[in-house]
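Here is a briefing on one protein chain. Keep the sequence and the 3D view open while reading.

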Amino acid sequence: MDNQQILMPFVNVRMLGRQYDPNTYQYHQVGLGLEGSTPREYVHGQITTLKTAMIHPIVQRVPFDLRTSLFLFRNLHAALGLVNINLHDTRRDHNTVVLEPASGETDGRLLVHYETGPAEAERIRHAMRRVRRVLRRLGCFVPPGMAHVRPMGASVHYCGLLPMSRARDPWTTSSLGQSHDFDNLFFVDGTTFPFLPAKNLTFSLMANAARIADCAF
Ligand SMILES: Cc1cc2nc3c(=O)[nH]c(=O)nc-3n(C[C@H](O)[C@H](O)[C@H](O)COP(=O)(O)OP(=O)(O)OC[C@H]3O[C@@H](n4cnc5c(N)ncnc54)[C@H](O)[C@@H]3O)c2cc1C
């Protein structure tokens, strides 16, 4: 599993014309959470100001020459922000990770295959509509055509290869991360997650590892 991410730049109208102050820069310290009809449908947004590497893809998309785009960017800088929208993921039958063994001179390779179903496009559109609406209510607007749907695999939030399962199936674990294939093997990272929530997973990984250490040993 992997979180689908969408980068949505916005303009904060009240900040237009103000001087950009690099000391106000913050990275992912402000978040927005949109609840869905079930807890699983939660959509997470991380809000950041724009700096360095974030600027290039945006300037590149402004439909003017580089000089004009940079001029506009410098004068809009203080008003610009970005929401990194994260969607939850579920296990999908067609998604696989295969370790291809080395042969002869060729190194082994990790082959990742990720397929999204037809419902994915609508899920993305729906989340984007909701975030746009929230931003509008906060006095911000999203310039048309600027949002970027990142390719799967870009979020670096991976998990679920050997998920917890009530059934003792091969390639699964108990709720305490104990392998169903080898009794003396416990997994304490994201591999055992049976579901990937939209909110970044690292604190959950840490809490889960502590839970397994407390309960299993
Ligand atoms: C650039 C980047 C930004 C991120 N930002 C965020 C964020 O803002 N918020 C968030 O929640 N998550 C973020 N993540 C994701 C988060 O870092 C990972 O989900 C998390 O670190 C995974 O933890 P882990 O313990 O499962 O695996 P890892 O942290 O990958 O730990 C695996 C460990 O196993 C070791 N190892 C591998 N093979 C062997 C071997 N054969 N023998 C011995 N040791 C081995 C590795 O050296 C490594 O230390 C980010 C990831 C990246 C790459």
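How many helices and strands are there in the protein? There are 4 helices and 10 strands. The model is predicted.

**Overall layout**

- The order of elements from the N terminus is β-β-β-α-α-β-β-β-β-α-β-β-β-α.
- The C-alpha trace spans about 65 × 45 × 35 Å along its principal axes.
- The protein has 217 residues, and 20% of them count as buried.
- Consider the contacts with a sequence separation of 6 or more: 70% of them come from residues 24 or more positions apart.

**Pairings of strand S1**

- S1 and S4 run antiparallel and are joined by 7 bridges.
- Within that pairing, Met8 has Val83 of S4 as its bridge partner.
- S1 also runs antiparallel to strand S9 (residues 148-149), with 2 bridges between them.
- Ile6 is the residue opposite Val149 of S9.
- Strand S8 (residues 140-141) pairs with S1 as well, again antiparallel, over 2 bridges.
- Here Asn12 has Cys140 of S8 as its bridge partner.

**Nonpolar cores**

- The largest nonpolar core holds 16 residues. Which of its members touch the most others? They are Met8, Val83, Ile85, Ala127 and Val131.
- At least two residues of this core come from each of strand S1 (5-12), strand S4 (80-86) and helix H3 (119-137).
- S4 is the top contributor to this core, with 4 residues.
- Met8 is in contact with Leu82, Val83, Ile85, Met128, Val131, Val142 and Ala147, leaving aside neighbours within four places in sequence.
- Another core lies apart from the largest one and has 6 residues, including Tyr158, Cys159, Phe193 and Leu196.
- As background, nonpolar side chains tend to be buried together in soluble globular proteins.

**Domains and their contact**

- The protein divides into two parts: domain 1 covers 5-149 and domain 2 covers 159-217.
- How many Å separate the centres of domain 1 and domain 2? The separation is 29 Å, with centres taken over C-alpha atoms.
- The contact involves 11 residues of domain 1 and 9 residues of domain 2.
- On the side of domain 1 that touches domain 2, strand S3 (43-49) and strand S5 (89-90) each supply at least two residues.
- That side of domain 1 is made up of 4 nonpolar, 4 polar and 3 charged residues.

**A loop residue: Gln19**

- Where does Gln19 lie? Gln19 sits in the loop between S1 and strand S2 (27-34).
- Is Gln19 buried or exposed? Gln19 counts as exposed, because it has 7 C-beta neighbours inside 10 Å, and the cut-off for exposed is 12 or fewer.
- Gln19 and Ala79 are 60 residues apart in sequence. In space, their C-alpha atoms are 9.1 Å apart.

**To recap**

- The contact between the domains takes 11 residues from domain 1 and 9 residues from domain 2.

How values were computed: Residues numbered from 1 in each chain as written. Predicted model: local features only at pLDDT ≥ 70, side-chain atom pairs only at ≥ 80, totals over all residues. Core = buried A, V, L, I, M, F, W, Y, C linked by C-beta atoms within 7 Å. Contact = placed C-beta atoms within 7 Å. Domains from an automatic or database assignment. Nonpolar A, V, L, I, M, F, W, Y, C, P; charged D, E, K, R; others polar. Pairing = 2+ DSSP bridges.
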